[in-house]
Amino acid sequence: MILVINKKDDRPQVALLEDGRLVEIYFPEDEESVAGSIFVGKIEKFVPALEAAFVKLSNDENGFLRLKDIKQEYLEFFGLKKLQEGQKVLVQIKKEGGQTKGPQVTTNIGLPGRYVVLMPFSHSIGVSRKIQDQDDRSRLKELGSRLREKLSCGFIMRTAAAEATEEQIYHEGELLLSKWNELIKEFKKAKKVKLLYKESDSDAFVLREFLKQGVDEVITNSAAYKELIREYSRDIRVKIIEGDVFEELGINKELKKILSRYIPLPSGGEIVIDKTEAMVVIDVNSGHFTTTSDHEELSEQINAEAAKEIARILRLRNLGGIIIIDFIDMRSEKSRNRIIEIMKKEVLKDRNRVEIYGFTQLGLLEMTRKRTTKSLDERLTTTCPVCSGKGTIPSPELVIEQLFNELKKRPKDVSEVIVKLHPHFRDIINKEEIKKVAKLNVHVHFTHVNPADFEITWKK
């Protein structure tokens with residue numbers, strides 16, 4: 001696996017390549033991004049019908065705090081029986097907001113390190129589900145329990161902990177606890193809402209999150225990473241190249257492909273992705289793939305290929321929420337189970353939590369993927385100013401009909417009219433046809449920028 005770090009404007013862009021293919025990408029968060037940040041907030045209002053409260057944050061947004069996310073351990077820590085309106089509260093951004101709603105916050109705070117996540121309001125010990133080896137899981141569970149006894153906090157043992165020494169894990173736990181104690185001091189002194197902690201886009205953050213097991217080479221345009229990487233491992237090769245690394249390795253070109261609605265499969269099939277705010281719907285098509293005459297075998301082959309590509313695209317584009325996949329129909333339960341097993345294996349590579357629920361009665365695969373930050377689509381694309389995100393515009397026939405209706409409403413005392421249409425109308429309608437409807441002198445210009453409408457200017 002190759003880790004690519006592209007320093008641009010002193011901020012790191014990151015990509016992971018597996019067998020030469022792009023499998024994960026990271027861009028520095030925008031200023032307004034707050035996922036994982038910890039705030040001193042103020043409870044504005046409880047809404048019993050929603051079983052939630054609105055919490056004022058320092059970025060002028062109201063966070064959405066579900067009552068079930070107010071942990072009893074939190075109340076006990078601060079000596080409270082319950083939270084009240086107007087009260088100061090310590091919260092962490094659980095999920096960024098969308099276009100129409102604010103971020104979701106929680107009092108179940110976690111401070112992440114490379115090997116562990118410190119959970120100050122918990123006494124449980126968790127182990128990353130990506131650690132499959134039972135001996136490793138048992139060892140880390142026991143180590144976590146000893147760490148909890150020493151530091152009086154809960155911990156989640158991250159995937160990287162499987163390769164770490166006991167000393168490294170203990171040292172990081174103590175550093176996180178020290179950071180937590182500083183945050184608590186600041187919180188208690190705070191008189192107003194404010195940001196206390198923000199996940200950094202620093203080099204240390206990048207290496208902590210992306211220099212994972214299996215990375216054997218780093219390609220970067222910054223020589224400074226050579227020494228930083230040696231602190232983690234001396235076995236990893238570091239290659240320094242000039243200029244924009246993403247451009248040099250074709251990553252920018254690959255990004256354009258994966259953001260497309262239609263994504264081709266190597267066999268000739270394709271997957272079609274449609275996204276809403278809460279749901280992603282994916283259709284798998286066979287295309288021109290006909291190397292076998294057996295329908296079940298053909299379906300299973302394409303679906304197996306599609307399952308791997310879908311897992312990669314979900315991870316790359318950071319698509320989340322409810323995910324429904326319409327695979328090519330398979331009659332055999334054995335074939336369906338094989339596709340589920342492939343999906344389960346592939347999503348283990350995902351940093352976010354993925355749940356696979358199986359096939360519905362209609363043959364659709366149901367799954368969910370947790371997402372706390374904006375998708376790549378939201379960050380790198382914008383709503384089309386012509387179709388306003390619908391993906392379609394009025395047909396030429398409808399636009400022409402609307403044009404004729406407007407021309408029939410001509411004002412009095414005009415002698416000519418200027419009509420501007422989009423260039424694609426040049427082969428659909430001519431000046432004489434418009435003149436018959438307008439019944440006066442007409443000037444037609446095919447220069448209008450919007451194919452969904454037209455522009456009329458009346459002249460006396």
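Residues are numbered from 1 along each chain as its sequence is written, and side-chain values use heavy atoms, with hydrogens and water left out. In this predicted model, local features need pLDDT of at least 70 and side-chain atom pairs count only at pLDDT 80 or more, while totals for chains, interfaces and linings use all residues.

**Exercise 1. The chain as a whole**

Task: State how many helices and strands the protein chain has, and what share of its residues is buried.

Solution: 
1. Helices (H or I, at least four residues) and strands (E, at least two) are DSSP runs, numbered from the N terminus. On this basis the protein chain has 12 helices and 24 strands.
2. Buried means under 20% relative accessible area, exposed over 50%, and partly exposed in between (1.4 Å probe, protein chains only). Of the 460 residues in the protein chain, 45% are buried.
3. Taken along the principal axes, the C-alpha atoms of the protein chain fill a box of roughly 90 × 65 × 55 Å.
4. Contact means heavy atoms within 4.5 Å. Among contacts in the protein chain between residues at least 6 apart in sequence, 64% join residues at least 24 apart.

**Exercise 2. Helices α8 and α9**

Task: Determine how α8 and α9 are oriented to each other, and which residues make their contact.

Solution: 
1. Axes are lines fitted to C-alpha atoms, for helices over the stretch in contact, and angles run from 0 to 180 degrees between N-to-C directions. Helix α8 (residues 295-317) packs with helix α9 (residues 333-347) at about 15°, and their axes are 9 Å apart.
2. Angles under 35 degrees count as roughly parallel, over 145 as roughly antiparallel, 65 to 115 as roughly perpendicular and the rest as oblique. The helices α8 and α9 are therefore roughly parallel to each other.
3. From α8, the contact is made by E296, E300, N303, A304, A307, K308, I310 and A311; from α9, by S335, R338, I339, I342, M343, E346 and V347.
4. For the classes, Ala, Val, Leu, Ile, Met, Phe, Trp, Tyr, Cys and Pro count as nonpolar, Asp, Glu, Lys and Arg as charged, and the others, Gly among them, as polar. The residues of the contact of α8 with α9 comprise 8 nonpolar, 2 polar and 5 charged.

**Exercise 3. Helices α11 and α12**

Task: Carry out the analysis for α11 and α12.

Solution: 
1. Helix α11 (residues 396-407) and helix α12 (residues 431-438) pack at about 40°, with axes 9 Å apart.
2. As a result of this angle, α11 and α12 are oblique to each other.
3. On the α11 side, L403, F404 and L407 meet E433, I434, V437 and A438 of α12.
4. The contact of α11 with α12 has 6 nonpolar, no polar and 1 charged residues.

**Exercise 4. Positive phi in loops**

Task: Decide whether D19 and N318 are buried or exposed.

Solution: 
1. D19 is not a glycine, yet has a positive phi of about 55°. It is found in the loop between β2 and β3.
2. With 78% relative accessibility, D19 counts as exposed.
3. N318, also a residue other than glycine, has a positive phi near 55°. Its place is in the loop between α8 and β19 (321-326).
4. With 13% relative accessibility, N318 counts as buried.
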